[in-house]
Amino acid sequence: MHGLLILATLLATPAAQAVDPAPTIARRPLLMKGEIARIDPYGGWRDDGRSSPELLALLRQQNRWTEQQLSGQQGLTQQLLAEWQTRTRGEPMPAEWLSLAGSQWRMEADGSLWQRSDEQATARQRLAPRQPSSGYYELANWSLHPDGRWLALAEDSLGSRDYRITLLDLASGKTLTTLTHRASDLLWSLDGRTLYTLANERHTLRPWQLWAWQGDKEQLIHQEADPAWLLSLYRTTDQRHLILQSNNHDSSEQYLLDGGSAALLKARQPGVEYYLDTQGERVLLKSNLEGELGLYQAASLAKVGQGAWQRRWQGRGRTLEKWRLFANYTVLQYRKAGDDWLDVLDANGELRHSLPLTEGAGTAWIQGAHDPASQHVLIRRQGMAEAPHQRWLDLDSGQWLNDGAQASTTPYRSERRWVLGKDGARIPVSLVWRTGIDTPKALLLYGYGAYGTPMRPYYQPQVLSLIDRGVVYAIAHVRGGGLLGDTWYQDGRGQQKQRSVDDFLAVADALARDPAIDPARLFAMGGSAGGLLVAAALNQAPARFAGAVLQVPFVDLLGTMNDPGLPLTRQEYGEWGNPAKAADYAAMRRLSPYDNLHVAPYPPLYVTAGLHDSQVPYWEPLKWMARLREHSTGAGPYLLSTELEGGHLATPRTAQQKAAREYAFLLSLAGVTR
């Protein structure tokens, strides 16, 4: 990590623009069916098989041209990568080992399995790494048989999140079975005779069927008929019960699998969510039965369906995020006014302790798995200028066991500010910068604003390389996100989605007026749903930003939500709108980034995509880029980079390289060359 301030080289002229024109993306008009039929000028580039030679040639051509345009920043890219290898990452998280069958077990991301007899013993490798030397690989989940002889793995070699389940005999190394087109959920029955998995619906990849594998045979146990609902699996804290869950965007229904069949706990009710857990004889449920999410207790599993639950903890303006059951306590982690808090209840549901975990710029949470018999819980904390660290809380006394003061010699400063929005709403903004740089700074504004995701102000070592070069990094916590609770989320979804964009632009305008910020060097970044946010902001204020990075951006809102055969569409009508409803369609039509591109001086852009991405299919960024190049009167460059061996998320092997290219692109636009 740098010990001294890097003196950024700020050039008097903007970064060099592309000389060679971008290779043409030819029009391929296609009639798009839906509530209102329309012609999509580039819709013909969709190939569900991802194998068309003409398509692959086009994507490779675009990638080569992007590489050529970025060749001048190679030195900066490599310098960033080298810096990141030396930066502190804070206190490492404790290694988590599964105690089962008289041993402790751990799997690594490369697919290797390790076994040890106890904490003092040396671990031995039981399974060699399964990750290939090249290409995409994700180990999404693993489940060990209760006696330790069989291992079930959920793996993805494309990036599509359509997983392959492999069951291995650890003694012989043989493959007992392979199950394809599955979700990543894995659960062994209580007697160890049955492995439960969830089958994905073809094309939509919706987890919709529960299958039981036993002795080389599979049996269908349950099927979710509603196309807007998804299945998932988990085991209760005390390991005594297996839960099959079905839910949509605002409701849930659960079943017990203890007897080998799906026994309904409580029938679904529109708008009501409930999530059950047990510890001994205590049966608790996280639910919004009375409005906000709270904690309730049922007299027994048999009486869950009756709904006569006893309230143990109310929301009252607090957003319940995590909860853990211990033998003598219940621990709840929640957010209040954007800050993280912890409440400890005794076994009778009475409040014993209430502790603030953060204030302002930091974030904290309950870390990892826990031993229900323990009297301690681990809390991990970090901030944008605060490296991660953790401490144990004694649940009986409410005192921290290792409450040493953190070093305060960092040259970085972080804070939360509040910006007045277009309609008078107060929008929280998290910022981090380096002290001692007096010249007006460039600013990178990040946004997401969907699904109620709070976008916590995490410590990001890579961002420090921007800050050392005179850049302020900011997160706009716009409506549609969840930093300020469910109302904040509801106010920025569906027909109210424009508020997310209004908030993002209001934050950009407010920060541009700060004397410490150079308004000519304002940049934007967003990924997935955040890509929609940034792309819509570019349509509505194309001259506001000097450049932007859009990572696997969801930009064809209207096209995707009009196609129920695509993954996630039916499940996300509640988030974005149902085009069958006139008011929803009109709101989406006004917002959809692809459909609202117009003649304007769009700033330089770097856009990424994944060929096998099932959440934001590759054709969305491709079509959007083609249409933007048609309409823009700006000089560009407008760069598209498609990962041909990956999907929505980068693998650990490629993530840093991608981030370095994106940051180097923005730094070059800001006039920073080293």
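**View 1. The loop that holds Ala337.** Ala337 sits in the loop between strands β23 (329–336) and β24 (339–346). Helices and strands here are DSSP runs, numbered from the N terminus: helices are H or I with at least four residues, and strands are E with at least two. Although Ala337 is not a glycine, its phi is positive, about 55°. Is Ala337 buried or exposed? Ala337 is exposed, since its relative accessible area is 53%. Buried means under 20% relative accessible area, exposed means over 50%, and partly exposed falls in between (1.4 Å probe, protein chains only). Please keep in mind that this is a predicted model, in which local features need pLDDT of at least 70 and side-chain atom pairs count only at pLDDT 80 or more, while totals for chains, interfaces and linings use all residues. Residues are numbered from 1 along each chain as its sequence is written, and side-chain values use heavy atoms, with hydrogens and water left out.

**View 2. His181 within a strand.** Now look for His181, which lies in strand β10 (residues 175–188). His181 is not a glycine, yet it has a positive phi of about 55°. With 28% relative accessibility, His181 counts as partly exposed.

**View 3. Strand β12 and its two partners.** Strand β12 (residues 207–214) is mostly covered, with six of its eight residues buried. On one pairing, β12 joins strand β11 (residues 195–200) in the antiparallel sense over six bridges. Two strands pair if DSSP finds at least two bridges between them. Which residue of β12 stands opposite Leu198? The answer is Leu210. Six residues lie between the strands in the hairpin of β11 and β12, where His203 takes a positive phi near 75°. β12 also pairs with strand β13 (residues 217–223), again antiparallel and over six bridges. Here Trp213 stands opposite Glu218 in β13. The hairpin of β12 and β13 has two residues between the strands, and Gly215 takes a positive phi near 55°.

**View 4. Helix α3 and its surroundings.** Eight of the eight residues of helix α3 (residues 461–468) are buried, so this helix is largely enclosed by the rest of the structure. Among these buried residues are Pro461, Val463, Leu466 and Asp468. What do the buried residues of α3 pack against? Their partners include the helices α2 (74–86) and α11 (652–669) and the strands β29 (412–420) and β32 (471–476). Contact means heavy atoms within 4.5 Å. After α3 comes Gly470, whose phi is positive, near 85°.

**View 5. A cis peptide bond.** Gly636 and Pro637 are joined by a cis peptide bond, with omega about 10°. Pro637 is found in the loop between α10 (619–631) and β36 (638–643).

**View 6. Stepping back to the protein chain.** The secondary structure of the protein chain comes to 11 helices and 36 strands. Its radius of gyration is 26 Å, close to the 26 Å that the globule rule gives for 674 residues, so the chain is as compact as a globular protein of that length. This radius is taken over C-alpha atoms, and the globule rule is 2.2 Å times the number of residues to the power 0.38. The C-alpha trace spans about 70 × 60 × 55 Å along its principal axes. Of the 674 residues, 57% count as buried.
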